[in-house]
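This briefing goes through selected local features of one chain, grouped by topic. The sequence and the structure come first, and the notes follow.

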Amino acid sequence: MGHIQSLSRRAFVFGSAAVAGGIAFGAYGDAGVAAPSASDNPLAAGLGPDSVTFNPWVEISPDKITLIAQHADIGQGVGSVQPIMIAEEMDLDPGQFEIRFAGPSPAYFNTGFADEFAPFVAADQSPAAEEARAATLEWLRKSGLQMTGGSSSMPDTYEKLRVAGAVARETLKAAAARRSGVAVADLRTESGHVILPNGSKIAYVALAAKAAKIPPVLDAKPRDPSKWRMLGKPMQRLDIRAKVMGELKFGIDMKMDGMLYAFVKLNPGKGQPLKSYDASKARAMPGVKKILEIKNGVAVIATNSWYAMRAVDAIACEWAPSAYPAEQADHWKVLESSFKPEFLGKEWRKIGDIEAGLTTGTRVEAEYRAPYVAHQPLEPLNGIGLVTDTGMEIWVGHQSPRFVQWVAATAIGLKPEQVTFHNQWTGGSFGHRIEYENVRVLAEIANQMKGTPIKLVFSREEDFLQDIPRQIAIARHRGNVDKGKIVAADLQLASTAPLKGLLERSGTPSKDPDGQLAAGLWNVYYDIPNFRATSYEAQGLSPSTTWRSVGASTSGFFTESFIDELIHAAGLDPMKARISMCTVPHYRKVLETVAEMSDWKGPLGNGRGRGVAFVESFGTPTAEVVEVTATDRGIRIDKVWVAADVGKVIDPVNFENQVQGGIVWGLGHAINCELTYSKGAAQQTNYNHHEAMRIYQCPVIEVRGLENDPKVRGVGEPPVPPAAPALANAIFAATGKRIREMPFNKFIDFV
């Protein structure tokens with residue numbers, strides 16, 4: 001943790017462009033030649049007798065093979081894809097290995113953030129851009145930044161996990177050669193065994209002791225994709241049966257002997273303290289063991305969750321006021337007044353002579369708005385904590401293991417290394433489980449209940465009240481068209497800063513511009529001769545944090561809606577204009593593909609309309625076409641076509657599911673969702689106040705993955721940003737009504 005805290009803050013917020021992979025294994029390979037140590041390979045420290053580990057992802061003992069899932073599985077499926085990438089190289093079949101989530105260790109630093117943190121847009125492959133990414137990668141290696149997020153899991157692991165598997169395979173063959181006396185060249189592997197020329201087999205687990213005594217084969221190469229057995233083909237997720245049968249244990253399902261349950265009531269004015277409370281009714285209720293005061297609230301400890309939940313509801317609290325405006329209208333007023341030099345975040349990009357361009361032809365101006373929205377994963381925040389005289393153990397599903405150690409330790413006066421973290425399967429996150437409120441609260445409670453395992457669960461209402469939402473934002477865009485062309489676009493955005501807030505709560509405060517406010521704002525790949533993108537950072541509003549697709553979730557709506565307005569003013573076809581203006585060949589292919597998929601031939605007429613939007617986020621260019629019909633009962637979303645280029649589609653089924661889920665998520669929030677404040681507290685405290693898209697509203701979604709990008713990209717978040725603008729543009733095409741603020745149901749009805 002010391003490493004993370006001492007990082008250059010600037011490196012965290014370099015910019016916002018893309019995520020791409022790099023190989024980290026070389027460093028481990030070099031370190032592992034002599035003998036892997038605990039500091040080089042965290043698996044080495046707990047290795048049993050006659051067991052072997054070749055790198056931080058593979059452990060073989062005489063009775064089992066364990067593959068490490070470096071990234072948290074928050075529903076995106078990496079709990080399957082990660083081990084299968086290793087198993088592909090090791091010739092292991094599903095069922096022949098166990099999966100374990102990685103513990104906190106700098107060994108699991110995320111190489112996938114290299115492109116995101118480098119100050120260049122994703123499509124910039126210039127030597128200067130690549131040099132900056134290489135420098136960022138080296139910084140990531142030294143820092144040991146361990147985090148799941150930013151659609152970085154695939155870019156991070158695609159290469160290094162395959163190499164890890166190849167090293168294991170070749171080392172096992174070397175061990176078999178020593179045991180059998182057969183040359184390595186005459187050996188092959190199949191289904192968890194080394195196969196000798198005479199057809200006899202030696203199980204990997206039988207080779208563990210021998211393999212532990214020889215140097216790992218570090219020059220092993222991963223197989224050519226043409227020889228893949230599982231990758232690149234439809235795969236059944238390893239967790240699917242357990243999830244379908246209700247057998248998988250999520251964090252909220254964890255139990256321990258002697259465990260007590262905690263429910264909390266925290267100041268709804270996020271982060272502010274408790275002034276006083278009256279727990280006289282709660283103390284007399286069944287099952288109540290203790291009532292504890294914590295930093296910003298009160299906790300009930302009871303013998304089961306129902307008793308704890310009922311008792312905490314019976315406590316009357318007086319809260320200190322929120323540190324942000326109590327009423328929602330005042331949040332918007334703060335944003336409206338933030339387009340001033342003193343709030344300037346950064347002028348992210350400037351091309352041509354923007355002032356001259358804004359005097360040419362016809363002016364178009366528009367203001368767009370996006371509200372706070374909640375994360376609302378199905379599984380509310382929870383965790384189990386046990387504090388002893390020597391340290392703390394914590395069981396919680398989280399995306400940042402090392403920061404969890406730091407937050408828990410800091411809350412109760414321990415050193416980070418005194419906190420042992422056990423990551424859990426999670427029922428969704430969307431950015432919720434990269435924050436720490438449940439971790440801090442759990443540490444405080446468990447510290448007052450030393451020696452007793454405490455299970456904390458946030459009620460649904462508490463989960464909404466304490467959720468740190470997506471950023472609120474206003475965009476004021478202006479541009480000019482002349483002679484059938486867009487000649488200028490001046491994009492300005494005022495918003496709360498999601499990444500800076502997260503960094504501050506992670507113990508790494510920054511005064512540098514928030515790079516996520518550039519996402520969807522500066523990475524515009526259209527040939528616009530005069531272009532400028534500028535962000536302003538509003539102060540004194542509700543804290544905000546990363547939400548699925550982060551900055552692009554709002555800026556993508558603003559930018560692609562405005563581009564559509566400019567195209568309309570220029571008298572052009574929305575699809576043809578985007579294709580002709582796109583400056584990056586393989587990005588243009590994404591647009592051409594979605595045009596071909598949707599059979600785009602111009603306006604539909606008769607109350608029907610199609611809208612297109614194209615946004616690159618986290619390095620993945622994604623184009624979407626939404627088709628709607630204006631009915632007597634409102635807008636009906638008929639169909640969505642999506643094309644995205646991820647360089648390599650590792651699992652076609654999971655790819656399709658991720659894209660479809662992102663579309664439903666993006667459309668649902670665009671239509672229905674906002675989080676508003678009154679008296680300093682969120683007014684929406686359950687799903688009936690913050691509705692996602694209903695099943696009957698879901699359109700047919702047709703997905704196509706492209707593989708033209710030279711780098712492997714993620715797809716968990718990129719389908720979200722184009723959904724809202726494509727829908728808004730489709731509504732305009734069908735009705736002539738331009739919607740510039742989310743949620744859309746404030747302005748138009750939906751079927």
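**Briefing on selected local features**

Leaving aside residues up to four places away in sequence, Asn480 touches Gly357, Leu358, Thr359, Thr360, Gly361, Thr362, Arg363, Lys485, Ile486, Val487, Ala488 and Leu566. The model is predicted. Asn480 belongs to strand 19, which covers residues 473–482, and its relative accessibility of 1% counts as buried.

**Buried residues and their contacts**

- Thr622 sits in strand 23, residues 620–631.
- The relative accessible area of Thr622 is 0%, so Thr622 is buried, the cut-off being under 20%.
- Contacts of Thr622, not counting residues up to four places away in sequence, are Val590, Ala613, Phe614, Val615, Val642, Ala643, Ala644, Pro718, Pro719 and Pro722.
- Between the C-alpha atoms of Thr622 and Gly705 there are 9.5 Å, although the two residues are 83 residues apart along the chain.
- Lys711 is located in the loop that runs between strand 27 (700–706) and helix 22 (723–735).
- Lys711 has a relative accessibility of 15% and therefore counts as buried, which requires a value under 20%.
- A polar contact of 3.3 Å links the side chain of Lys711 to the side chain of Glu130.

**Helix 17**

- Helix 17 spans residues 498–505 and is mostly covered, with six of its eight residues buried.
- The buried residues of helix 17 are Pro498, Leu499, Lys500, Gly501, Leu502 and Leu503.
- After helix 17 comes Gly507, which has a positive phi near 85°.

**Helix packing**

Two packed helices are described by the angle between their axes and the distance between the axes.

- Helix 18 (residues 551–569) packs against helix 19 with the axes 10 Å apart and at an angle of about 105°.
- Helix 18 and helix 19 are therefore roughly perpendicular to each other, a term that applies from 65 to 115 degrees.
- On the helix 18 side of this contact are Glu560, Ile563, Asp564 and Ile567, which meet Pro574, Ala577, Arg578 and Met581 in helix 19.
- By class, the residues of the contact of helix 18 with helix 19 are five nonpolar, no polar and three charged.
- Helix 19 (residues 574–581) also has a contact with helix 20 (residues 585–598); their axes come within 9 Å and cross at roughly 155°.
- Helix 19 is thus roughly antiparallel to helix 20, because the angle is over 145 degrees.
- The crossing in which helix 19 passes helix 20 is left-handed.
- Met575, Arg578 and Ile579 of helix 19 meet Arg588, Leu591, Glu592, Val594 and Ala595 of helix 20.
- The contact of helix 19 with helix 20 divides into five nonpolar, no polar and three charged residues.
- Arg578 is listed in the contact with helix 18 and in the contact with helix 20.
- Helix 21 (residues 652–672) and helix 22 have axes that come within 8 Å and cross at roughly 60°.
- That angle makes helix 21 oblique to helix 22.
- Helix 21 and helix 22 cross in a right-handed sense.
- In helix 21, Ile663, Gly666, Leu667, Ala670 and Ile671 meet Ala723, Ala724 and Leu727 in helix 22.
- The contact of helix 21 with helix 22 has seven nonpolar residues, one polar residue and no charged residues.

**Backbone geometry**

Most residues other than glycine have a negative phi, and most peptide bonds are trans.

- Ser151 is not a glycine, yet its phi is positive at about 50°.
- Ser151 is placed in the loop between helix 6 (127–143) and helix 7 (153–180).
- Ser151 is buried, with 10% relative accessible area.
- Asp599, also a residue other than glycine, has a positive phi near 55°.
- The loop between helix 20 and strand 22 (608–617) holds Asp599.
- Asp599 counts as partly exposed at 45% relative accessibility.
- The peptide bond that joins Met742 and Pro743 is cis, with omega about 0°.
- Pro743 lies in the segment after helix 22.

Methods:
Residues numbered from 1 in each chain as written. Predicted model: local features only at pLDDT ≥ 70, side-chain atom pairs only at ≥ 80, totals over all residues. Heavy atoms only, no water. Axes fitted to C-alpha atoms, helices over the stretch in contact; angles between N-to-C directions. Helix = DSSP H or I, 4+ residues; strand = E, 2+ residues; numbered from the N terminus. Parallel < 35°, antiparallel > 145°, perpendicular 65-115°, else oblique. Left-handed = near helix turned anticlockwise from the far one by under 90°. Contact = heavy atoms within 4.5 Å. Nonpolar A, V, L, I, M, F, W, Y, C, P; charged D, E, K, R; others polar. Buried < 20%, exposed > 50% of the residue type's maximum accessible area, 1.4 Å probe, protein only. Polar contact = N/O pair within 3.5 Å; in protein donor to acceptor, adjacent residues only side chain to side chain.
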